[in-house]
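Subject: Structure handover

Hi,

Here is the structure I promised you. Please open it alongside this note. My findings follow below.

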Amino acid sequence: MPYRNSFIIILSSLCLLSMPCFAASPPAVSDDTEQCLGCHEQVHPGIVSDWRQSVHATGSLRTDKAANAPAPRSVGCAECHTVRADKHTATFDHNGFSVHPDVSPADCATCHGPESSQFSENLMQHAYGNLMDNSVYRDLVAASAGAFEKTKTSRFATPAPDTLADTCLYCHGTKLVVAGTVTRDTSLGEMDFPVLTGWPNQGVGRINTDGSAGSCAACHTRHRFSIETARKPYTCKQCHEGPDVPAFKVYNASKHGNVIASDAKTDYTPVPWKAGADFAAPTCAACHISETAAPDGTAIAPRTHRVNDRLSYRLFGVPYATAHPKSPDLSIIRNGQGQPLTATLAGKPAEKFLIGAEEQARRNTNMQALCLACHSTSWVTGHFARLDASVRGTNAATLTATRIMETLWDKEAAQGFSANKNPFDEPAEFLWTRTFLFYANSTRFAAAMSGGGDYATFADGRFEMNQAIAELNEMVKATEKKDKRK
């Protein structure tokens, strides 16, 4: 009898060890996707390999609640590239399927409704329009990426579409337009494909061929859509490195960046993401997007794709930091001078279009809840007081620079807003632009992200700001001397 009991125990142990063999199979792949894979596994093995490792393919859902639910059918090629085919102007016949190359947030909303809805209220989804539908920003784009034309009146021409796609619109997103079709000789014979202007692009505010804005792939890289990738700061680095938006550089130099870079134990995959258990220091996603909790599971912050839920300030812009805009569509804003900017050139905020003090406080509370998971109240209070001081200080310095620039415009040493000319394309104007676009921004980000050090001082910080203001002032003096000689 004892031997029989031992045998049963051993057999039971072996069964437990072999449980994965009897676990539920991965979700079934649809017949349509199977047909896609049959060809594309040979033509695009990298794409298919990434997809096979994705949650879409494996059905490895991550929340405890969903883990007990029946495994769904996998989400594959056909489920993403044929959905809402009638809405896309780029849809074409491909081996009997109506396929569109671009997948939009409106397509993703088929399964990810709340995320798509939140993202639509996010500045990033409106990034193309917020840049290209703003006359002031368009002038900045021309001065930044346009080719200099030496004519009677030297100027910077509007950048060519390909130049824009490689520069500003790489991050803001291009506008995808069908420009015809082309027949290609493929390994599977001749096939017709749409020709898209603005393609390829994965900019966060891309205008898709279904008319919707945004690209989920900007953060959730195709075709693996890895939560680990989305949570790592390198994903945000694609567009937030500066010097106009120096978030990644500042983060890298911060204590948070130092801990993440040196701590190999960070686990980027759990949902919720537990502070102190899964990570010892936050990444961009932890502060701005992810669902976070304490090690015991107590909620800290819900997941949100409306990133401004935790942002009280609009730290960067042309040219002052202000309270955050109410609407993600910044093209509707008009300041007291009628310009599409959040403040006048004298620094007066366009309050009608900005959140009020109560909403700012609510958003600060949301952000501070994350800070308080690892820091004391006095530490957090001191940090946010320092940020407020940085905003006031950099806005004051920007006002000083702007008043000097206005003097140069008044003396016709440059032609700007009042002359109905590009205010960013002359030597003094380039210098003025640097004061707020690079130096004020760097200083604010250093304060907001505990980057401090050089990014608040010498590396595009206060020293550079002071030098630029001094040089602008010397330009005024030179103009005054010239006037006296006349």
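Is Cys 239 buried, partly exposed or exposed? Cys 239 is partly exposed, with a relative accessible area of 33%. Keep in mind that this is a predicted model.

**Cysteines**

The structure holds 1 disulfide. Cys 171 and Cys 239 form this bond, with their sulfur atoms 2.3 Å apart. The torsion about the S-S bond is about -100°, so the disulfide is left-handed. Cys 171 sits in helix H12 (residues 168-172). Cys 239 is in the loop between helix H14 (233-237) and helix H15 (247-253). The pair therefore ties together parts that are 68 residues apart in sequence. Cys 171 counts as buried, at 19% relative accessibility.

Two other cysteines are worth a look. For Cys 108, the closest cysteine sulfur is in Cys 216, 3.7 Å away. That is too far for a bond, because a disulfide needs the sulfur atoms within 2.5 Å. Cys 108 is partly exposed, with a relative accessible area of 24%. For Cys 287, the closest cysteine sulfur is in Cys 371, at 6.3 Å. That, too, is too far for a bond.

**Helices H2 and H3**

Helix H2 covers residues 31-43 and helix H3 covers residues 45-52. Their axes come within 6 Å and cross at roughly 130°. H2 is therefore oblique to H3. On the H2 side, the contact is made by Thr 33, Leu 37, His 40, Glu 41, Gln 42 and Val 43. H3 contributes Pro 45, Val 48, Trp 51 and Arg 52. By class, the contact has 5 nonpolar, 3 polar and 2 charged residues.

**Backbone points to check**

Two cis peptide bonds come next. One joins Trp 199 and Pro 200, with omega about 0°. Pro 200 is in the loop between strand S6 (189-197) and helix H13 (227-231). Another runs from Val 318 to Pro 319, with omega near -10°. Pro 319 is in the loop between strand S10 (313-314) and strand S11 (322-323).

Then there are positive phi values outside glycine. Asn 420 has phi near 60°. Asn 420 lies in the loop between helix H19 (377-410) and helix H20 (427-448), and counts as exposed at 71% relative accessibility. Asp 460 has phi near 65°. The loop between H20 and helix H21 (462-485) holds Asp 460. Asp 460 is buried, with a relative accessible area of 19%.

Best wishes

Conventions: Residues are numbered from 1 along each chain as its sequence is written. This is a predicted model: local features need pLDDT of at least 70, side-chain atom pairs count only at pLDDT 80 or more; totals for chains, interfaces and linings use all residues. Side-chain values use heavy atoms; hydrogens and water are left out. Axes are lines fitted to C-alpha atoms, for helices over the stretch in contact, and angles run from 0 to 180 degrees between N-to-C directions. Helices (H or I, at least four residues) and strands (E, at least two) are DSSP runs, numbered from the N terminus. Angles under 35 degrees count as roughly parallel, over 145 as roughly antiparallel, 65 to 115 as roughly perpendicular and the rest as oblique. Contact means heavy atoms within 4.5 Å. Ala, Val, Leu, Ile, Met, Phe, Trp, Tyr, Cys and Pro count as nonpolar, Asp, Glu, Lys and Arg as charged, and the others, Gly among them, as polar. Buried means under 20% relative accessible area, exposed over 50%, partly exposed in between (1.4 Å probe, protein chains only).
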